[in-house]
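User: Hi! Could you walk me through this one? I'd like to chat about the sheet and the aromatic rings.

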Amino acid sequence: MNRRHHLALSARWLATAAVAPWALAACAGRETAPDFAFTLLGGRTQQFAQARQGKVMLVNFWATSCTTCVKEMPQMAETFTRFKDQGYDMLAVAMNYDNPEFVANFASSRQLPFGVTHDHDGAIAKAFGDVRLTPTSFLVDKSGAVVKKYVGEPDFADFQRLIGELLKA
């Protein structure tokens, strides 16, 4: 391969690499959230598509054994309380490896104001691309599109700003 051809390929690769993250983000932003059945800790069963209809919704995968999850929960609760009357909702999905009693005790003792479910068979995590790391959250807009995926604790100022923008749209 001559030097000119090598430089042309390198330039093409750099251009692709520079565009790729934007292209992937654009594609991810248009991905539709999966539909699934879930049972809240209180015993009520729902379909996700019906529960989120017309709302901005966060699906938060977490575990009682995850220190970051435990740390972010007060801010998740504060965010829910701040936006719930404007059409925001949240579903906290406890991972299948979490002890159901621990999940129920955590939700009760901290008076979590949003829906909590235990993903007993891992089906919800699989529906969202086989989530394994906690916390992992998916922000879904009013039309059901996944707008943003957060792995780890979000920057809450940016997170709340985005929720506000989505609620106005």
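Analyst: Happy to! Alanine 33 is buried, with a relative accessible area of 6% (buried means under 20%, exposed over 50%, partly exposed in between, with a 1.4 Å probe and protein chains only). This is a predicted model, where local features need pLDDT of at least 70 and side-chain atom pairs count only at pLDDT 80 or more, while totals for chains, interfaces and linings use all residues. Residues are numbered from 1 along each chain as its sequence is written, and side-chain values use heavy atoms, with hydrogens and water left out.

User: Where does alanine 33 lie, and what does it touch?

Analyst: Alanine 33 lies in the loop between helix H1 (3–30) and strand E1 (37–39); helices (H or I, at least four residues) and strands (E, at least two) are DSSP runs, numbered from the N terminus. Leaving aside residues up to four places away in sequence, alanine 33 touches Phe48, Val140, Gly144 and Val146, where contact means heavy atoms within 4.5 Å.

User: Switching to rings: how many aromatic pairs are there?

Analyst: The structure holds 13 aromatic pairs. Rings of Phe, Tyr and Trp (its six-membered ring) pair if their centres lie within 6.5 Å; planes under 30 degrees apart count as stacked, over 60 as edge-to-face and the rest as tilted. In one of the pairs, phenylalanine 80 and phenylalanine 114 have ring centres 5.9 Å apart and planes at 75°, so this pair is edge-to-face.

User: Which parts of the chain does that pair link?

Analyst: Distant ones: phenylalanine 80 is in helix H3 (residues 67–83), and phenylalanine 114 is in the loop between helix H4 (100–109) and strand E5 (115–118), 34 residues apart. Phenylalanine 80 and phenylalanine 114 are buried.

User: Which residues form the aromatic cluster?

Analyst: Phe36, Phe38, Phe48, Phe61, Phe128 and Phe138 form one.

User: And the five-stranded open sheet, what's its order?

Analyst: The order is E5-E4-E3-E6-E7, with mixed pairing; two strands pair if DSSP finds at least two bridges between them. E5 and strand E7 (146–151) stand at the edges with a single partner strand each, so one side of each has no neighbour in the sheet.

User: How many bridges join E3 to E6?

Analyst: Five bridges join strand E3 (residues 56–62) to strand E6 (residues 136–140), and the two run antiparallel. Phenylalanine 61 stands opposite threonine 136 in E6.
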